[in-house]
Amino acid sequence: MGKITAAITGVQGYLPKDVMTNEDLAKIVDTSDEWITTRTGIKERRVMRDGASSDMAAEAVKALLEKKGVDPSEIELVIVATVTPDYPFPSTANVVCDKAGMKNAWGFDLNSACSGFIYALSTGAQFIETGRHKKVLVIGVDKMTSIIDYQDRTTCVIFGDGAGAVLLEPNDEGNGVLDYILRSDGSGRQYLIQPAGGSACPPSHQSVEERMHFVKQEGKQVFKFAVTNMADVSAEIMEKNNLSSDDVDWLVPHQANLRIIDATADRMGLTKEKVMINIQKYGNTTAATLPLCLWDYENQLKKGDNVILSAFGGGFTWGAVYLKWAY
Ligand code: UT7
């Protein structure tokens, strides 16, 4: 028997039913379908009217476990990647365990913005590889509409709500998570930030009046860093694992901007057919973009496919994961 790796053995997404189109946004802020489509590739996004991040995550988990025939009591660890937790504490993982009936699990939240899912996937994989756990859930979820300023056209057109969950289990066939490169550079924090609500700037009348509880982004700066670093790290993980562009079956890129996705695919030498894209339907759902891509493309993935997940986000944080699809 070979080395034990952590394989994704199931994936499930959850999207709120309400759709907000570019035309809907043009009625709220000074924007247009043409601007949003050409600058980002987004046509519509989902909006959660009632409920919290944990509700979307719990729905994804319940459907995933039912699909897999796994009883919630069998789950041992739950990692929730999110920048929109239900509360500062307790953790959203804690709440999701309760809502989805995972009585025997422990869990925690992980905050690395749009890189959250690859950070969480790499972390969850460790618990499988060591043999400590047999069933780990990794969830990416964000209710971005809860921290978006609908007076700020530069950010409100980009983001949407959603959740995605994967089940990790041990694999002895050489499939699963094989490598990762994760990076962070906190000196970029001012370019993409929710300035208030934490210990640096606790909530006050002033913080609310100045709209500091909403996402602030300097789009051009973030774009510049994202386009270089996401492409670089994706090429680096290919090189490190001796993968040519022919060897790579799928790129699963963070869905922030179609131009960043195209630049990453170009750098990797990949044709469009190998790139998972659903930004037009959901916008940027932060930690949920990657599992939602895997879910949308699940039927096209084949056992043994070489898959590279790649992301860039606030912090700055970025990185790539190389895995072989296991089913
Ligand atoms: O997921 C986490 C990581 N985040 C990202 O990767 C996002 C990276 N950044 C981006 O994707 C892009 O920078 C944006 C999509 C956010 C913006 O696109 P851009 O091509 O960088 O536009 P810009 O910020 O340079 O703005 C160009 C113009 C400006 O007008 P002027 O100054 O040229 O007259 C903006 O005021 O477009 C204007 N503008 C808009 N116009 C219509 C900005 N937002 C809008 C809007 N509708 N929603």
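**Note on loops, cysteines and the ligand site**

1. Phenylalanine 316 sits in the loop that runs between strand 12 (306-313) and strand 13 (317-324) (DSSP runs numbered from the N terminus: helices are H or I of at least four residues, strands E of at least two). The bond joining glycine 315 to phenylalanine 316 is a cis peptide bond, with omega about 0°.

2. The model is predicted: local features need pLDDT of at least 70 and side-chain atom pairs pLDDT 80 or more, while totals for chains, interfaces and linings use all residues. Residues are numbered from 1 along each chain as its sequence is written, and side-chain values use heavy atoms, without hydrogens or water.

3. A cis peptide bond also leads from phenylalanine 89 to proline 90, where omega is near 0°. Proline 90 belongs to the loop between strand 4 (77-81) and helix 4 (92-99). Most peptide bonds are trans, and most residues other than glycine have a negative phi.

4. Arginine 211 is not a glycine, yet its phi is positive, at about 55°. This residue is in the loop between helix 7 (205-209) and strand 10 (216-217). With 27% relative accessibility, arginine 211 is partly exposed (buried is under 20% relative accessible area, exposed over 50%, partly exposed in between; 1.4 Å probe, protein chains only).

5. Threonine 286 has a positive phi as well, near 55°, and is likewise a residue other than glycine. The loop that holds threonine 286 lies between helix 10 (279-282) and helix 11 (289-296). Threonine 286 is buried, its relative accessible area being 2%.

6. Which residues come nearest to the ligand? Thr31, Arg39, Lys220, Asn257 and Asn284 do, out of the 23 residues around it (a residue is near if one of its heavy atoms lies within 4 Å). By class, this shell has 10 nonpolar, 8 polar and 5 charged residues; Asp, Glu, Lys and Arg count as charged, Ala, Val, Leu, Ile, Met, Phe, Trp, Tyr, Cys and Pro as nonpolar, the others as polar.

7. Glycine 219 takes part through its backbone, with an N or O atom 3.1 Å from an oxygen atom of the ligand.

8. Helix 2 (33-40), helix 6 (153-156), helix 8 (219-240) and helix 9 (258-268) are the elements that give two or more residues to the ligand shell. Helix 8 contributes the most, with 4 residues. Domain 1 (5-173) and domain 2 (178-324) both supply shell residues, so the ligand lies between them; the bounds come from an automatic or database domain assignment.

9. How many disulfides are there? The count is 0, a disulfide being a pair of cysteine sulfur atoms within 2.5 Å. The sulfur of cysteine 156 has its closest cysteine sulfur in cysteine 114, 16 Å away, too far for a bond. Cysteine 156 is buried, at 1% relative accessibility; cysteine 97 is buried too, at 8%.

10. Leucine 192 is in strand 9 (residues 192-193). With a relative accessible area of 16%, leucine 192 is buried. Between leucine 192 and proline 72 there are 120 residues of sequence separation and 36 Å in space, C-alpha to C-alpha.

Methods: A polar contact is a pair of N or O atoms within 3.5 Å; within protein, one must be able to donate a hydrogen and the other to accept it, and residues adjacent in sequence count only if both atoms are side-chain atoms.
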